[in-house]
Structures are given as structure tokens and as C-alpha cells.
Amino acid sequence: MHPFVSGLEPTLHIAHRGGAKVAPENTLAAFTLAVERYRTDMLELDVHRTRDGVWVVSHDETFDRCTDGSGDIASLTLAEIKRLDAGYRFTPDGGRTFPFR
């Protein structure tokens, strides 16, 4: 081992947005894959509050980029959010397939 790295702590494997490249970001599917398949050490996520005061996991403050819906998280209730498809825009191959729709 090179002396420069001999005293360093091991590097943590962190799944950004729960593993956004392997499954729809910030979903249970992404979190599960990151932990079970890739043995990640840490899950990075963001939370936002719904109109009815429930905390939900989402990187963005809106649903426009990742779901089939649109609008601010803060303007929707949890019931309205549950009707959205969190896998709608996810594609692992540049738009040829959408396996989580």
C-alpha cells in the first residue's frame, strides 16, 4: 500500500438520490437496489412537505422532472401525490425503454 493512503479511513459508498442511475430516483426500488445489490453505505435523499403536512422524499420541489405529473409538492396532498407515477420518466438506456412505468 502506498504510504499516502495507508492511514486513511475506507471510502463510503453513497447512493445519491437513492441510486438514480439504477432505478427511479428516491424510490423504494432505488433504495433497495442500492443497499441489496450495490451494498451502499449511505443513502442520500431530500424531503419536502406536502400541502397536508406530510414529509415525502423528493430531490426537487416539483414533480415535473421525474413523474408523469407537475406542480409543487407543497401544493399537493399526499393522496394526490400517490396517484403520480414516480417511474414514468426513468430510462436506463437513453429513452429506448421505460421499465418502471
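The legends below go with a handful of close-up views of this predicted model.

Residues are counted from 1 along each chain as its sequence is written. Because the model is predicted, local features need pLDDT of at least 70 and side-chain atom pairs count only at pLDDT 80 or more, while totals for chains, interfaces and linings use all residues, and side-chain values rest on heavy atoms, with hydrogens and water left out.

**View 1**
(Strands are DSSP runs of E with at least two residues, helices are runs of H or I with at least four, and both are numbered from the N terminus.) Val 57 counts as partly exposed because its relative accessible area is 35%; buried means under 20%, exposed over 50%, and partly exposed in between, with a 1.4 Å probe and protein chains only. Leaving out neighbours within four places in sequence, Val 57 is in contact with Asn 26, Phe 31, Leu 45, Asp 46 and Val 47, where contact means heavy atoms within 4.5 Å. His 2 is 55 residues from Val 57 in sequence, and the two C-alpha atoms are 41 Å apart in space.

**View 1. Ser 58, in the loop between β4 and α2.**
Is Ser 58 buried or exposed? Ser 58 counts as buried, because its relative accessibility is 10%. Not counting residues up to four places away in sequence, Ser 58 touches Asn 26, Asp 46, Val 47, His 48 and Ile 73.

**View 2. The largest pocket.**
About 340 Å³ of space lies in here, lined by 18 residues. Nearest the centre of the pocket are Val 57, Phe 63, Thr 67, Ile 81 and Ala 86. Strand β4 and helix α2 (78-82) each supply at least two lining residues, and α2 gives the most, with 3. A pocket is an open set of points on a 1 Å grid over the protein atoms alone, where a 1.4 Å probe fits and protein lies on both sides within 12 Å along at least five of seven lines; lining residues have an atom within 4 Å of a point.

**View 3. A network of salt bridges.**
Side chains of opposite charge can pair when their charged atoms come close. Arg 17, Glu 25, Asp 60 and Arg 65 are linked in this network; a salt bridge is a side-chain nitrogen of Lys or Arg within 4 Å of a carboxyl oxygen of Asp or Glu. The closest N and O atoms are 3.2 Å apart for Arg 17 and Glu 25, both of them buried. For Arg 65 and Asp 60 the closest N and O atoms are 2.7 Å apart. Arg 65 is partly exposed at 38% relative accessible area, whereas Asp 60 is buried at 17%.

**View 4. The salt bridge between Glu 80 and Arg 51.**
Here the closest N and O atoms are 3.9 Å apart. This pair links distant parts of the chain, 29 residues apart: Glu 80 is in helix α2, and Arg 51 is in the loop between β3 (47-49) and β4. Glu 80 counts as partly exposed at 26% relative accessibility, and Arg 51 as exposed at 51%.

Key: Points joined across faces, edges and corners; volume = space filled by probe spheres on them.
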